[in-house]
Amino acid sequence: MGSFKFFESVPNTPIAPVATFPGNRQVFMKRLDLTHQHVSGNKWFKLKYNFKLALDQLASGVVTFGGAYSNHIYATAAAGYYCGLPTVGFIRGEIKRPLNPTLAQAHAWGMKLIPLSREEYRLKSNNGFLKQLKESYVGYHFLPEGGSNKLALKGCKEMITDRHFDYWCLSCGTGGTLAGLVRALPQTTKVLGVAALKGANFLEKEIRELLGNNLNSACPWTLILDYHFGGYAKTDLELFSFMKQFQKKYAIPLDPIYTGKMVYGVFDLISKEYFPEECSILMLHSGGLQGSEGIREKYGKNII
Ligand SMILES: *Cc1c(COP(=O)(O)O)cnc(C)c1O
């Protein structure tokens, strides 16, 4: 029998002061990387109410989608393990053997891994294709890629433990976390989403769709598209060197796919005086440090 106990108490995620820049621009970091070792960062919050629904409905399991190094796949597999719910992961592209560390761990937690060709994967939110998949998984709760749905937005509200910052800055993949925060933060807060993907012009539309029409209480938000470093999971020596310096100076680990790019972007914007004087800036560490493994495989073990 599955149990929701794992998600019952919200983990303690402290806000650490990082630095004060000229003009008294104060920068802080919300340490969601400390959420849970396996259900890490924003994924804990995005999965919470999805697992609640699946358990309440006595679902047979949870089905979802992601890349071979996906933090979402990893976190969903772990949450399934901790809640006693079977999980199925449709993986983009072929599944190479031996399994990479992300998929090996997901498999060890009991996730059934099924490859989808890149062409099929592109159809992952197409109604006809989904209907077909759902016929093979009757009674399962389906989660979109990244877990971004209405229930994820609800969970993201619970990240907010302090409402006094002028800016919240976070990395965006699907934008689900941004949408959840924009709905729940005070209207005096400005939210900056730094896209982890290149050519993320579609992102604004997708976020608007997630937000729906009820925008009365939403706070202002902006997408920053300039810090993708060549694209999703692409990176360069400048980013690595920035991350190394940051980690040494502030003793906070970063990942090169999401939070590293966001922090680079925020520091660069501060140097360009994007933010007004006398403001407080909260950077959201969205966790997912396991995802660095794929980057190490690609760029060399000692790079970060
Ligand atoms: C999944 C993920 C994101 C992206 O979150 P979205 O809600 O899809 O925008 C950001 N950071 C980390 C570390 C992630 O794992």
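Student: In this model, are Tyr-167 and Phe-275 buried or exposed?

Tutor: Both Tyr-167 and Phe-275 are buried, and please keep in mind as we go on that this is a predicted model.

Student: How is a pair of aromatic rings described, and how many aromatic pairs does the structure hold?

Tutor: In general, one gives the distance of the centres and the angle of the planes for a pair of aromatic rings. The structure holds 25 aromatic pairs. For Tyr-167 and Phe-275, the ring centres are 4.8 Å apart and the planes stand at 85°, so this pair is edge-to-face, given that planes over 60 degrees apart count as edge-to-face. Because Tyr-167 belongs to strand S7 (residues 167-172), while Phe-275 belongs to the loop between helix H10 (259-271) and strand S10 (280-285), the pair ties together parts that are 108 residues apart in sequence.

Student: Which residues form one aromatic cluster?

Tutor: One aromatic cluster is formed by Phe-4, Phe-6, Phe-7, Trp-44, Phe-45, Phe-51, Tyr-81 and Tyr-82.

Student: Over which ring does the charged end of Lys-43 sit?

Tutor: The charged end of Lys-43 sits over the ring of Tyr-258, at 5.9 Å from its centre, and Lys-154 lies over the face of Tyr-49, at 4.3 Å from the ring centre.

Student: What should I expect of phi and of peptide bonds, and which peptide bond is cis here?

Tutor: As a general idea, most peptide bonds are trans, and most residues other than glycine have a negative phi. In this structure, the peptide bond from Arg-97 to Pro-98 is cis, with omega near -10°, and Pro-98 is found in the loop between strand S4 (87-92) and helix H3 (101-108). Ala-233 is not a glycine, yet has a positive phi of about 65°; this alanine lies in the loop between strand S9 (221-224) and helix H9 (237-250). Ala-251, again not a glycine, has a positive phi of about 55° and lies in the loop between H9 and H10.

Student: Is Ala-233 buried or exposed, and is Ala-251 buried or exposed?

Tutor: Ala-233 has 16% relative accessibility and therefore counts as buried, whereas Ala-251, at 61% relative accessibility, counts as exposed.

Student: How much space lies in the second largest pocket, and which helix gives the most to its lining?

Tutor: Empty space is found by rolling a probe the size of a water molecule over the atoms. The second largest pocket holds about 180 Å³ of space, and helix H5 (residues 127-136) gives the most to its lining, with three residues. The lining residues include Phe-65, Phe-142 and Pro-144, and the lining divides into five nonpolar, three polar and two charged residues.

Note on methods: Residues numbered from 1 in each chain as written. Predicted model: local features only at pLDDT ≥ 70, side-chain atom pairs only at ≥ 80, totals over all residues. Heavy atoms only, no water. 1 Å grid on protein atoms, 1.4 Å probe; cavity = no way out; pocket = protein on both sides within 12 Å on 5 of 7 lines; lining within 4 Å. Points joined across faces, edges and corners; volume = space filled by probe spheres on them. Helix = DSSP H or I, 4+ residues; strand = E, 2+ residues; numbered from the N terminus. Nonpolar A, V, L, I, M, F, W, Y, C, P; charged D, E, K, R; others polar. Phe/Tyr/Trp six-rings, centres within 6.5 Å; stacked < 30°, edge-to-face > 60°. Buried < 20%, exposed > 50% of the residue type's maximum accessible area, 1.4 Å probe, protein only. Lys NZ or Arg CZ within 6 Å of the ring centre and 35° of its normal.
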